[in-house]
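Student: I have a model open and would like to go through its side-chain packing. Can we take it one question at a time?

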Amino acid sequence: MYKFGVIVSYDCTSEKTRQKIINVCLNFDLSRIQYSVFTGSLSSPALKDLKTAVKRIAKNGGPVSIFVQKIAINEINDFELIENMEDKLHRFHKYSRSRII
């Protein structure tokens, strides 16, 4: 069965809604690549089921934006981390705290 690459991203304020989105993505064996972004490969029926599940969450949850993007399967791993901000943010916060105190 042919599979598609999928990227799911979301933005919401409700922790309960956020957790439901995370659970749905994990139930479809999608991998988390950022805090609010998942990726993986799904068959056409599974992709349809995923869309149905996130639409249900969006309808019943708080304010939320959920994006499901289908991409070519050969492009699913064709991404590159350009810059890792974690180290810069850690240094910035450390510096900021020392200046405030």
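Student: Which residues does Val24 touch, leaving out those up to four places away in sequence?

Tutor: This is a predicted model, so the contacts are computed from predicted positions. Neighbours up to four places away in sequence are not counted here. With those set aside, the residues that Val24 touches are Leu50, Ala53, Val54 and Ile57.

Student: Which element gives the most to the largest nonpolar core?

Tutor: The largest nonpolar core has 19 residues, and Val24 and Leu50 are among those with the most contacts inside it. At least two residues of this core come from each of β1 (3–12), α1 (15–27), β3 (37–43) and α2 (44–60). With six residues, the element that gives the most is α2.

Student: Is Ile7 buried, partly exposed or exposed?

Tutor: Ile7 has its place in strand β1. Buried requires under 20% relative accessible area and exposed requires over 50%. Because Ile7 has 31% relative accessibility, it counts as partly exposed.

Student: How far apart in space are Ile7 and Val68, C-alpha to C-alpha?

Tutor: In sequence, Ile7 and Val68 are 61 residues apart. Val68 is one of the residues that Ile7 touches, and Val37, Phe38, Thr39, Phe67, Gln69 and Ile71 are also in that set. From C-alpha to C-alpha, the distance between Ile7 and Val68 is 5.8 Å.

Student: Which side chains meet in a salt bridge?

Tutor: A search of the whole structure finds one salt bridge. Its two residues both lie in helix α1, three residues apart, about one turn of the helix. The N to O distance is 2.6 Å, and the side chains are those of Glu15 and Arg18.

Student: Which ring has the charged end of Lys70 over it?

Tutor: The structure holds zero aromatic pairs. Arg32, however, lies over the face of Tyr35, at 5.1 Å from the ring centre. The charged end of Lys70 is 4.3 Å from the centre of the ring it sits over, that of Phe4.

Conventions. Residues numbered from 1 in each chain as written. Predicted model: local features only at pLDDT ≥ 70, side-chain atom pairs only at ≥ 80, totals over all residues. Heavy atoms only, no water. Core = buried A, V, L, I, M, F, W, Y, C linked by side-chain atoms within 4.5 Å. Buried < 20%, exposed > 50% of the residue type's maximum accessible area, 1.4 Å probe, protein only. Helix = DSSP H or I, 4+ residues; strand = E, 2+ residues; numbered from the N terminus. Contact = heavy atoms within 4.5 Å. Phe/Tyr/Trp six-rings, centres within 6.5 Å; stacked < 30°, edge-to-face > 60°. Lys NZ or Arg CZ within 6 Å of the ring centre and 35° of its normal. Salt bridge = Lys/Arg side-chain N within 4 Å of Asp/Glu carboxyl O.
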